[in-house]
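Subject: Structure handover

Hello,

I am passing on the structure we spoke about.

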Amino acid sequence: MSASAVRIRGLTKTFGTGDSAVHALRGVDLDALYGQATYLVGPSGCGKTTLISIIAGLLHRDGGELEVLGTDHATFRAGQLTRWRSENVGFIFQAFNLIPQLTVAENVAVPLVIRGESRRRAVAKAEELLEKVGLGGRAKAKPTKLSGGQQQRVAIARSLVHDPRILVCDEPTSALDAQTGRRVMDLITAVAHGPDRAVIVVTHDDRIFHLADRVVHMNDGTVTKVEVKG
Ligand SMILES: Nc1ncnc2c1ncn2[C@@H]1O[C@H](COP(=O)(O)OP(=O)(O)OP(=O)(O)O)[C@@H](O)[C@H]1O
Ligand SMILES: [Mg+2]
């Protein structure tokens, strides 16, 4: 097995066509190694969310090479990508994307239910994780009743509940105070350092940079610098 959980070469993505075309990714090279937290930083609009959405299999690339956990999404037949994602990927969205009709615990349980676990076991596991992010008391609430920071922690619990091999986080601490931010980053960093696991964190939060094993700087759709820590 290669040491790279994610290996990307010359990745391109354009939204729209003609005069309105936006070249979001203009030939990105990136490696995210097993056992590491790779941080992705750069100004608003430089392509961070686009890049991690492609890695997670939520968006198709236009060109370039991509290998995630040893496979290229393009080799999957219909339906296989969704299955692969539900088995391997945790995603914390920039906008938390919680389902308003479900309770907090049911939201967190979604990845397990998709994977075929019984609702009762899934919710029990969800409640365990909610405890870890400091929301044990809010399991039965609807997400709209929670503060922004609490909703963010629900999204974080949901991304971790199925023990994903690759965890992709878009600004995971943007709505959190220092202490809560540290607590969730401990959980996220523990995933990064687990066997056969890798984490990619998009962030502007300089309070958490010291947790990175590798910092990838982006600007205007390309990688401009890679810092290897430690
Ligand atoms: N679905 C879309 N349709 C059209 N343009 C898009 C779409 N998604 C992203 N873009 C454009 O692609 C570029 C990169 O966007 P992206 O969301 O990846 O940036 P980002 O680095 O995540 O920014 P931020 O830090 O503000 O979240 C931007 O110019 C954005 O307007
Ligand atoms: Mg973004």
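The notes cover conventions, the sheet, the helix packing and the ligand shell.

This is a predicted model, in which local features need pLDDT of at least 70 and side-chain atom pairs count only at pLDDT 80 or more, while totals for chains, interfaces and linings use all residues. Residues are numbered from 1 along each chain as its sequence is written, and chains are lettered from A and ligands numbered from 1 in the order in which they are written.

Sheet. Six strands make up an open sheet with mixed pairing, in the order β5-β6-β7-β3-β8-β9. Strands are DSSP E runs of at least two residues and helices are H or I runs of at least four, numbered from the N terminus; two strands pair if DSSP finds at least two bridges between them. At the edges are β5 (89-92) and β9 (222-228), each pairing on one side only. Neighbouring strands are turned by 15 degrees against each other on average, direction ignored. Strands β3 (residues 37-41) and β8 (residues 214-219) run parallel and are joined by four bridges. Y39 is opposite V215 in β8. Helix α5 packs on the sheet, where it touches β5 and β6 (166-170), and its direction makes about 170 degrees with that of β5. Axes are lines fitted to C-alpha atoms, for helices over the stretch in contact, and angles run from 0 to 180 degrees between N-to-C directions.

Helices. The axes of α5 (residues 148-160) and α6 (residues 178-192) come within 11 Å and cross at roughly 10 degrees. The two are therefore roughly parallel (angles under 35 degrees). In contact (C-beta atoms, placed from the backbone, within 7 Å), G149, R153, I156 and L160 of α5 meet T180, V184, L187 and V191 of α6. The axes of α3 (residues 104-114) and α5 come within 7 Å and cross at roughly 30 degrees, which makes α3 roughly parallel to α5. Here V104, N107, V108, V110 and P111 in α3 meet V154, A157 and R158 in α5.

Ligand 1. Around ligand 1 are F15, G16, V22, A24, S44, G45, C46, G47, K48, T49, T50 and Q94, counted if the C-beta atom, placed from the backbone, lies within 6 Å. Two or more residues of this shell come from each of β2 (22-33) and α1 (48-55). Helix α1 gives the most, with three residues.

Regards

Conventions: Parallel < 35°, antiparallel > 145°, perpendicular 65-115°, else oblique. Contact = placed C-beta atoms within 7 Å.
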